Amino acid sequence: MINSLVDLRGSFGAARDQKPRPTCLAFAASDAHAAARGGWEPLSAEWAYYHALKRDGGLPHKGVTLVAMLATIKSDGQPVENDWPYIRAPITDIKSWKPPARTGQLFFRDHGRCTVTVQDVVDQLNTGDPVLITMTLSDAFYRPNAEGVIERSEPIDAKRHHAVVAVGHGERGSMGFVLVRNSWGEGWGLKGYAWIAVDYLTPRLTGAAIMTTEL
């Protein structure tokens with residue numbers, strides 16, 4: 001059993017599911033933003049992905065960069081999920097894919113970049129701040145064990161990129177673990193969460209940021 005030292009899952013609602021689209025960063029950033037607002041009201045991942053993709057100049061079958069996503073939430077804001085609900089199927093008609101003409105209130109939030117180390121992620125969690133992280137994956141990530149733990153030693157695969165929200169940390173003996181919220185629905189791990197061994201995460205961590213001041 002992992003001894004939980006920080007667990008911020010209470011700041012979030014049910015884990016959401018990005019389905020087959022490359023929108024993990026939109027979900028992770030949207031959920032970190034929603035948690036920072038308090039009271040848990042999901043924000044539109046579709047909106048965040050659309051505007052970040054426009055900033056990157058990409059196409060709907062591609063992912064987006066952390067820089068573009070953070071800039072989107074700061075400058076374009078986000079409406080609540082119901083104002084532009086997530087489109088589950090891949091986008092095939094680019095011309096018709098556009099934000100609704102009208103939305104309710106837009107919410108804006110600044111961000112802070114963290115040092116890309118597990119220790120800095122843990123330090124931020126200790127202050128009560130969830131951390132948006134980007135990382136590379138291996139096969140073990142897709143199948144947490146029955147206790148929701150990912151700790152298998154595997155080669156680094158730099159081609160598989162993903163984004164999650166770090167929401168806690170703990171320990172089992174001398175081993176450290178980071179608790180993450182994924183965007184693959186409640187069927188993954190522990191209802192959408194898993195404990196990632198520090199030894200697994202450390203060489204795979206590629207980026208980290210927190211949501212800070214509401215604008």
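**View 1. Packing of helix H1 against helix H2.** Ala26, Phe27 and Ser30 of H1 meet Ala45, Ala48 and Tyr49 of H2, where contact means heavy atoms within 4.5 Å. The model is predicted: local features need pLDDT of at least 70, side-chain atom pairs count only at pLDDT 80 or more, and totals for chains, interfaces and linings use all residues. Residues are numbered from 1 along each chain as its sequence is written, and side-chain values use heavy atoms, with hydrogens and water left out. Helices (H or I, at least four residues) and strands (E, at least two) are DSSP runs numbered from the N terminus. H1 and helix H2 (residues 45-56) pack at an angle of about 120 degrees, and their axes are 8 Å apart. Axes are lines fitted to C-alpha atoms, for helices over the stretch in contact, and angles run from 0 to 180 degrees between N-to-C directions. This angle makes H1 oblique to H2; under 35 degrees counts as roughly parallel, over 145 as roughly antiparallel, 65 to 115 as roughly perpendicular and the rest as oblique. The crossing of H1 and H2 is right-handed, a term for the near helix being turned clockwise from the far one by less than a right angle, with anticlockwise giving left-handed.

**View 2. Packing of helix H1 against helix H3.** The axes of H1 (residues 24-37) and H3 (residues 66-75) come within 10 Å and cross at roughly 40 degrees. H1 is therefore oblique to H3. Leu25, Ala26, Ala29 and His33 of H1 make the contact with Leu66, Met69 and Ile73 of H3. The crossing of H1 and H3 is right-handed.

**View 3. Aromatic pairs around Trp188.** Rings of Phe, Tyr and Trp (its six-membered ring) pair if their centres lie within 6.5 Å; planes under 30 degrees apart count as stacked, over 60 as edge-to-face and the rest as tilted. By this rule the count comes to nine aromatic pairs. Phe141 and Trp188 form a tilted pair, 5.1 Å centre to centre with 35 degrees between the planes. Phe141 lies in helix H5 (residues 139-142) and Trp188 in the loop between strand E6 (175-181) and strand E7 (193-197), so the pair ties together parts that are 47 residues apart in sequence. Trp184 and Trp188 have ring centres 6.0 Å apart and planes at 85 degrees, so this pair is edge-to-face. Trp188 is buried at 5% relative accessibility, whereas Trp184 is partly exposed, with a relative accessible area of 24%. Buried means under 20% relative accessible area, exposed over 50% and partly exposed in between (1.4 Å probe, protein chains only).

**View 4. Arginine side chains over tyrosine rings.** The charged end of Arg9 sits over the ring of Tyr193, 5.6 Å from its centre. Arg204 lies over the face of Tyr200, at 3.8 Å from the ring centre. A charge sits over a ring if NZ of Lys or CZ of Arg is within 6 Å of the ring centre and within 35 degrees of the ring normal.

**View 5. Buried residues of helix H4.** In H4 (residues 118-126), Val118, Asp120, Val121, Val122, Gln124 and Leu125 are buried. Their cover includes strands E1 (3-7), E3 (131-136) and E8 (205-214), along with E5, E6 and helix H6 (198-201). Gly128, which follows H4, has a positive phi near 95 degrees.
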